[in-house]
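Open your viewer and have the selection tool ready. This tour goes stop by stop, telling you what to pick next and what is there.

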Amino acid sequence: MSASPSDPPASADPGQAYTGFFTVLENAEHGPQLCSVVAESFPPQCGGPDVLGWNWDEAPNVTSESGVTWGYYAVTGTWDGTALTLTEPPLDGAATSPVVPDGTVPDFTSPCEPPAGGWAVVDAATATQAAQDAALAHAAEQPDYAGAWIDQSINPASGQETPDEGAMNDPTQLVLNVRFTGDLERHEAELRAIWGGALCVSAAEHTEQELLEIQEEVLAELGDQASGGGTDVTTGTIVVDVIVDDGLQERLDEQYGEGLIRVSAALRPVGS
C-alpha cells in the first residue's frame, strides 16, 4: 500500500544543514520567520517557519518601518520539521542568489516540428488578436483541453535586450500552442478555421481539469506542509512548494506516478 502525502514526513537528519533564499521578517505578532509568500504592501507582511538564533545585528541590509523589520537573505541551518536553527550568519540574498533559480521558468518553445518553410501566417485576415482570443476560447471549451500558451521565440523582437511590448505581442509573429488529450487532427482543423497565424496542436496525458483536481487533492492532503503549488501546461505537470522535502517527492511519485508532480523545496541540503 502506497503512502499518502499526508502521512507525517520522515524526521529530518538533525545533523544535516540546509540552505535557501528567503525574506526574513519580524513584526509585533511574531519573531524572525522565513517568508513563504510576501504580501505586496509597505511594510511587507508574511509568515512562515521560525528562524532560531537570528540576530538582526549580524544581518546585512536590514530595513525597519512601522514596527516591521525585514531583509532578503541566504540562510543556512538545521531543520527540525518546524523551524530553522541558524548555523551560519545570514548573507545578503540579492548579492548571492541566482538571477533565475533552476527549474522555475517554463520552456515556451513549441513542441511541434516547424512546417516546411518555417512558422508563418496562413491567413492574414484571421491572424489577429481577436481571432487568437476566439481560438483560445474555443479550445478551452473542449472536454479534452489540456492547456495553451504563446511561443514568441519566432518574433525578431524577442532577441532584443528590452523588446517593445507592442512588437512582442504581434499576433503574426508568434506560435499559438494548444494541447489536448485526444483527436488532434479534429482539434487542429477546428482551430485552423478560426486562427490564421502559426499553430501547434500537441498531445497531453492529462486534461487541464484533471491537473487542477490532482493539485487541489495533494495540497489539501499536505495542509501546512505545502506553501503553495501550481500547474505547468507546457509539461503537463504539477509543482508543489514545500520548505523541505523529507521524502515527499518519493511518496508522490509512488502514489501518482513518477514525473507528474515535482516537489520544489525552498531549503535544500547543503552539498547536494
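## Stop 1

Select E190 and R186: both sit in helix α4 (residues 184-192), four residues apart, about one turn of the helix. Helices (H or I, at least four residues) and strands (E, at least two) are DSSP runs, numbered from the N terminus.

Before going on, note that this is a predicted model: local features need pLDDT of at least 70, side-chain atom pairs count only at pLDDT 80 or more, and totals for chains, interfaces and linings use all residues. Residues are numbered from 1 along each chain as its sequence is written, and side-chain values use heavy atoms, with hydrogens and water left out.

Side chains of opposite charge can pair when their charged atoms come close. Here, E190 and R186 form a salt bridge, with 3.1 Å between the closest N and O atoms. The term means a side-chain nitrogen of Lys or Arg within 4 Å of a carboxyl oxygen of Asp or Glu.

Shared partners join D183, R186 and E190 into one network of salt bridges. How many salt bridges does a search of the whole structure find? It finds two.

Relative accessible area sorts residues into buried (under 20%), exposed (over 50%) and partly exposed (in between), using a 1.4 Å probe and protein chains only. R186 has 34% relative accessibility, so it counts as partly exposed. D183, at 45%, counts as partly exposed. E190 counts as partly exposed at 27%.

## Stop 2: H187

Stay in helix α4 and select H187. Is H187 buried or exposed? H187 is buried, with a relative accessible area of 1%.

Show its surroundings. Contact means heavy atoms within 4.5 Å. Leaving aside neighbours within four places in sequence, H187 is in contact with Q142, D144, F180, G182 and V201. A polar atom of the H187 side chain lies 3.3 Å from the backbone oxygen of G182.

## Stop 3: the disulfides

Select the bonded cysteines next. A disulfide is a covalent bond between the sulfur atoms of two cysteines. Here the term is applied to a pair of cysteine sulfur atoms within 2.5 Å. The structure holds two disulfides.

Begin with C35 and C46, whose sulfur atoms are 1.7 Å apart. This pair links distant parts of the chain, 11 residues apart: C35 is in the loop between β2 (33-34) and β3 (37-39), and C46 is in strand β4 (residues 45-47). Both C35 and C46 are buried.

Then go to C112 and C200, joined by a disulfide with an S to S distance of 1.9 Å. C112 lies in the loop between α1 (93-96) and α2 (129-140) and C200 in strand β12 (residues 198-203), so the pair ties together parts that are 88 residues apart in sequence. The torsion about the S-S bond of C112 and C200 is about 80°, so this disulfide is right-handed. C112 is partly exposed at 21% relative accessibility, whereas C200 is buried, with a relative accessible area of 0%.

With the bonded cysteines of the protein chain numbered in sequence order, the pairing is 1-2, 3-4.

## Stop 4: two loop residues

Most residues other than glycine have a negative phi. Select N61, in the loop between β5 (50-52) and β6 (63-65). N61 is not a glycine, yet its phi is positive, about 50°. N61 counts as exposed at 55% relative accessibility.

Move on to S66, in the loop between β6 and β7 (68-79). What is the phi of S66 near? It is near 55°, a positive value in a residue other than glycine. S66 counts as exposed at 62% relative accessibility.

## Stop 5: the cores

Hide the surface and select V24, L34, W54, V75 and L267. Of the 16 residues in the largest nonpolar core, these touch the most other members. A nonpolar core is a set of buried Ala, Val, Leu, Ile, Met, Phe, Trp, Tyr and Cys residues joined through side-chain atoms within 4.5 Å. β1 (17-26), β7 and β8 (83-86) each supply at least two residues of this core.

Center on V75. Not counting residues up to four places away in sequence, V75 touches Y18, T19, G20, F22, V24, L34, W54, L84, L86 and L267.

Technical notes: Polar contact = N/O pair within 3.5 Å; in protein donor to acceptor, adjacent residues only side chain to side chain.
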